Amino acid sequence: MSDATISILLILILLFWLGSGLWIGLSLAMVGYIGMLIFTSRPIGDSMVMTIWGSMSSWTLTALPMFIWMGEILFRTKLSNDIFKGVAPWVEKIPGKLLHVNILACTIFAAISGSSAATTATIGKITIPELIKRNYPEDKIIGSLAGAGTLGFLIPPSIIMIVYGVSANVSIAKLFIAGVVPGILLATLLSGYIIFWSLFNKDKIPLGEKTGLFEKIKSSKNLIMPVLLIIAVLGSIYTGVATATESSAVGVVGSLVIALLQGTLTWETFKESLLSATRLYCMIALILAGSSFLSLSMGFIGLPRHVATLISEANLSPITLIIILTFFYILLGMFIDGISMVVLTISVLLPAIEQANIDLIWFGIFLVIVVEIAQITPPVGFNLFVIQGLTNKDLGFIAKQAAPAFFLMCILIILLYYFPNLVLYLPSKM
């Protein structure tokens, strides 16, 4: 049987299990099991046990539940309200005024939360009612939030980066620092679009309030806690005091201290955050376990090696490969979530990426950006669902407002391809 026939058969089996309602992790494991059963003579039971245990017992992976828990704790604090109060006075003279609060607040919160959906929900629950109350256009409020919320994946610490780093055996600390410049660049592009739009729609932006320099400086005290937490988490990594895994524990302790100081740390909120983080991590862990076994199965069958050989013999240039993969991931992101996208494809594509001499750190950042695009692409765009829950707006309307962010992310991919040092310079100095 040819590789193409085997691939199509396994994809159809996967679609069948996913369509039946079986959990994603179990669906992946089932496809791996059937693949090994039909196409290899390897012992399935021993291989499955050893592979799943090996993938779950990784010390690096410990950072994942800790960063998830940190985000869940912060979600239940008043931190987003503090960020709004601290940022708002500084943007009132920029064209677009308080629309930039969505972008700056998401940028700051992204640096203390590894989740795009958590960033969107936490900032959105404060900024949406506040900006609507001040008569800002609702379509631009929603559009700026949808785009900026995706920064939760690109600006470290990032759950997607941890998943990719574990799957591709790449340094998570280097991935974290590689995302800093692209994250700031994306935030700049989003703000640039707001400025450009505002210059041609001045009548739609309310006059707002005039705040003196002293009041602005005084309002900045609200940013002290989030900034200190960012310094504690990321500073501990880049100064060499802690590894990426150890810094996640620093983040949890810091978020608990903030919740305690703000008076939001109760037994109920502590228990809710812990249970919510446990549920989310168990879902991700099951996907990773199923993916690791599927990867082993594909390796025994030989599909990754054959895909790499096929791409090598096709003599595709790196840019052609990146264009193909961009369209592939955008299409894939319409139907499955970002974490599943990464773990489902990375084992098959990694040999091809290495064959094309594409740096794995750079590819990790590229992968994060296309996952961000998937977050605002219907029908399965998680940021769109989060905003729908906050606004009760039609999903199609929200997706339309997020379209500019979609194109800005595509522009970012082009910039990073032609200027790879935007990604690779900081990691090279570690």
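**Cavities, core and buried helices**

In this predicted model, the largest cavity is lined by Ile103, Asp139, Lys140, Gly143, Ser144, Leu190, Tyr193, Ile194, Gln401, Ala402, Pro404 and Ala405. The space inside the largest cavity comes to about 110 Å³. At least two lining residues each are supplied by helix 8 (138-149), helix 12 (180-199) and helix 22 (395-418). By class, seven residues of this lining are nonpolar, three are polar and two are charged. Over the whole structure, the search finds four cavities of 30 Å³ or more.

The most comes from helix 4, which gives five residues. Twelve residues of the pocket lining are nonpolar, eight are polar and three are charged.

The largest nonpolar core contains 129 residues, and those with the most contacts inside it are Leu64, Val163, Tyr164 and Phe363. Helix 20 (residues 360-375) gives the most to this core, with 13 residues. For Leu64, when neighbours within four places in sequence are left aside, the contacts are Ile159, Ile162, Val163, Tyr281, Ile284 and Leu288.

Several of these contacts of Leu64, including Ile159, Ile162 and Val163, are among the buried residues of helix 10. Eight of the ten residues of helix 10 (residues 159-168) are buried, so this helix is largely enclosed by the rest of the structure. The buried residues are Ile159, Ile160, Met161, Ile162, Val163, Tyr164, Gly165 and Ala168. Their cover includes helix 4, helix 9 (151-154), helix 11 (172-178), helix 16, helix 19 and helix 20.

Ser248 counts as buried because its relative accessibility is 1%, under the 20% limit. Apart from residues up to four places away in sequence, Ser248 touches Ala63, Met66 and Phe67.

Aromatic rings form twelve pairs in the model. One of these pairs joins Trp362 and Phe366, which are stacked, with 5.8 Å from centre to centre and 5° between the planes. Trp362 and Phe366 both belong to helix 20 and are four residues apart, about one turn of the helix. An α-helix has 3.6 residues a turn, so residues three or four places apart point the same way. Both Trp362 and Phe366 are buried. An edge-to-face pair is formed by Phe406 and Phe407, with 5.3 Å between centres and 80° between planes. Phe407 counts as exposed because its relative accessibility is 52%, over the 50% limit. Ring pairs also link Tyr164, Trp362, Phe363, Phe366, Tyr417 and Tyr418 into a cluster. Tyr164 and Phe363 of this cluster are also among the residues with the most contacts inside the largest nonpolar core.

Note on methods:
Residues are numbered from 1 along each chain as its sequence is written. This is a predicted model: local features need pLDDT of at least 70, side-chain atom pairs count only at pLDDT 80 or more; totals for chains, interfaces and linings use all residues. Side-chain values use heavy atoms; hydrogens and water are left out. Ala, Val, Leu, Ile, Met, Phe, Trp, Tyr, Cys and Pro count as nonpolar, Asp, Glu, Lys and Arg as charged, and the others, Gly among them, as polar. On a 1 Å grid over the protein atoms alone, a cavity is a set of points where a 1.4 Å probe fits but cannot get out, and a pocket is an open set with protein on both sides within 12 Å along at least five of seven lines; lining residues have an atom within 4 Å of a point. Grid points are joined across faces, edges and corners, and a volume is the space filled by probe spheres set on the points. A nonpolar core is a set of buried Ala, Val, Leu, Ile, Met, Phe, Trp, Tyr and Cys residues joined through side-chain atoms within 4.5 Å. Buried means under 20% relative accessible area, exposed over 50%, partly exposed in between (1.4 Å probe, protein chains only). Contact means heavy atoms within 4.5 Å. Rings of Phe, Tyr and Trp (its six-membered ring) pair if their centres lie within 6.5 Å; planes under 30 degrees apart count as stacked, over 60 as edge-to-face and the rest as tilted.
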